[in-house]
Amino acid sequence: MNELQELYQQVIIDHGTKPRNSGEMLDCSHKADGFNPLCGDELSLYLKVDANDVITAVKFTGEGCAISTASASLMSQFLKDKTVTQAKEAMSEFTDMVTKSPDANHENLGKLIILAGVNKYPSRVKCASLAWHTLLAALEGNAAATTE
Amino acid sequence: MIFDVQAVRADFPILDQQINGNPLVYLDNAATTQKPNCVIDTITHYYQKINANIHRGVHALSEAATADYEQARKTCQTFINAAQVEEIIFCRGTTEAINLVAQSFGRQFIKAGEEIVISALEHHSNIVPWQILCEQTGAILKVAPINQQGEIMLDEFAALLSAKTKLVAVNHISNALGTVNPVAQMTKMAHAVGAKILIDGAQALAMTLVDVQAMDCDFYTCSGHKLFGPTGVGFLYGKAELLNAMSPYQSGGDMIRQVSFEKTTYAPIPNKFEAGTPNIVGAIGLGTAIDYINRLGIPAIQAYEQQLLAYATEQAEQMPGMRLIGTAANKASILSFVIQGIHPHDLGTILDSQGIAVRTGHHCAMPVMKFFKVPATVRASFSIYNTVEEVDALMAGIRKVQEMFNNE
């Protein structure tokens, strides 16, 4: 598989063109808007976090490329039933994977490892990271996140 | 004269290489153009044989460097038919030229409540300097709208002009869409209400005959790297009477007549606006680039690029799912577009894997993207060394991306 095919695997094109958990959430407990100034990608992320700090629901809306949309879609599936602490740990590991160590063992990230190929495309790392930056902003109570 | 594109290609060594295993197809000329051997040789020769500071030394190298630098200024003067050589101010490029006019002319002559008119088609570099000036002075920024073809609506532009208008600032050719604006007519309209006009010529000078005296514009700006010259150099043209009345923009060496702690007097133009050691080799390289353009001839360049544009537009119109953004009647060789269901960035990355370089994004023109309700576009911009075969490669590349995205 060459680098391009690794980046645009069918799962990514599938999630990128038909995102899961897409839509607004009116009764969310956390919300943040993410923005990638370089490409103009926008993302609004909605979370429902219960009294035990467990993420029970995730939705998002926005406009972005296949990489950014697939990353948000896969993240939304991954986060369901994870604790806030687990979500933050996953964010550091995901960041590590797409920036530094794509080939290390990232089994904790489950299906998200198919985004490791973005590492070969420095200009696209921000696309894959936008959802996670927005997640962190939402969990920390910030209204907005940017990839810059 | 027949335009020999293969001979032109041979002048640009960078084109002869493979990118990701495919021949380079460079279609990002609106961002920056490639450099011909003559410009590269000028730069090498300067550093190997001439390098010295200008306007200072009495030694041979300094005199040679000064002579070459001032010759480049004359080349720029002739290129746009400025009345006097002193009306050419070397600077870093269009961005710095516009900032110079905003901070010198603007702060001095535009007062609170007076108006600056731009268009909805501007590059951020012809928006933000005026916003900053308005914050500093209390002046008001007005924006002339565009129509669905991406053309400035002249009746709306006329309606914004009044005795309160002090300055109009518009681009000659839109970098995002390729629209050629009727700048001579807009200059007349601005002057009719007593306003001055600045034309951002960044995209125009590589393919358009510009005569600033015939056009009668007050300021015209140039970025050298968009016309086969080095990066980091360009010029501001200004009418001498305006430049003479304007205060310095930056200060330091080379721009003074006499300095004492009590009072400093300034050098006459152009030196008044060229503080510090300038980009000497850049200016000389720009002169060489202009000589190169003159050898090919702007009319021949324009005719060739219009052929490429016509062919590319025809191909684009037959491509399913392709929407052209910017369909002005008078257009430069820029094709801005979106493909249904595929984000421009994905298209850009996959085209790059085939050796095809295009620009994707908002092209430093976010308001233009907002107007057309797209987050970004793909922009293929053609120059003198591009071929019909490269247009075909682009279209084949787009079809390949469509297959990837539709084959699930």
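In the predicted model, the two chains meet through 15 residues of chain A, which are in contact with 15 residues of chain B. On the chain A side, the largest share is contributed by helix α2 (residues 10-17), which supplies four residues. Sorted by class, the residues of chain A that touch chain B are eight nonpolar, four polar and three charged. Within α2(A), the buried residues are A:I12, A:I13, A:H15 and A:G16. The cover over these buried residues includes α3 (66-79) of chain A together with α14 of chain B.

Helix α14 of chain B also packs within its own chain. The axes of helix α11 (residues 298-318) and helix α14 (residues 388-406) of chain B come within 10 Å and cross at roughly 25°. Angles under 35 degrees count as roughly parallel, and α11(B) and α14(B) are therefore described as roughly parallel to each other. The crossing in which α11(B) passes α14(B) is right-handed. From α11(B), the contact draws on B:L308, B:Y311, B:A312 and B:Q315, while α14(B) provides B:V388, B:V391 and B:M395. Of the residues in this contact, six are nonpolar, one is polar and none is charged. The spacing of such residues can be read against a general property of helices. An α-helix has 3.6 residues a turn, so residues three or four places apart point the same way.

Helix α10 of chain B, spanning residues 280-296, consists of 17 residues. From its first C-alpha to its last, α10(B) reaches 25 Å, close to the 24 Å expected at 1.5 Å a residue. Because 13 of its 17 residues are buried, α10(B) is largely enclosed by the rest of the structure. After α10(B) comes B:G297, whose phi is positive, near 90°.

One partner of α10(B) is helix α3 (residues 60-80) of chain B; the two pack at an angle of about 45°, with their axes 8 Å apart. This angle makes α3(B) oblique to α10(B). The crossing of these two helices is left-handed. On the α3(B) side, the contact is made by B:A65, B:D68, B:Y69, B:Q71, B:A72, B:T75, B:C76 and B:F79. The α10(B) side consists of B:I280, B:A283, B:I284, B:L286, B:G287, B:I290 and B:D291. By class, the contact of α3(B) with α10(B) comprises 10 nonpolar, three polar and two charged residues.

Two single residues were also examined. In chain A, A:L115 is placed in the loop between α4 (84-99) and α5 (125-139). A residue is buried if 20 or more other C-beta atoms lie within 10 Å of its own; A:L115 has 28 C-beta neighbours inside that distance and so counts as buried. Leaving aside neighbours within four places in sequence, A:L115 is in contact with A:S71, A:V98 and A:A128. Although A:L115 and A:V98 are 17 residues apart along the chain, their C-alpha atoms are separated by 7.3 Å.

In chain B, B:P129 lies in helix α5 (residues 128-137). B:P129 likewise counts as buried, because it has 22 C-beta neighbours inside 10 Å. When residues up to four places away in sequence are not counted, B:P129 touches B:I98, B:N99 and B:A102. The C-alpha atoms of B:P129 and B:T95 are separated by 8.7 Å, and these residues are 34 residues apart along the chain.

Definitions and conventions:
Residues numbered from 1 in each chain as written. Chains lettered and ligands numbered in written order. Predicted model: local features only at pLDDT ≥ 70, side-chain atom pairs only at ≥ 80, totals over all residues. Contact = placed C-beta atoms within 7 Å. Nonpolar A, V, L, I, M, F, W, Y, C, P; charged D, E, K, R; others polar. Buried ≥ 20, exposed ≤ 12 C-beta atoms within 10 Å, placed from the backbone. Expected span 1.5 Å × (residues − 1). Axes fitted to C-alpha atoms, helices over the stretch in contact; angles between N-to-C directions. Parallel < 35°, antiparallel > 145°, perpendicular 65-115°, else oblique. Left-handed = near helix turned anticlockwise from the far one by under 90°.
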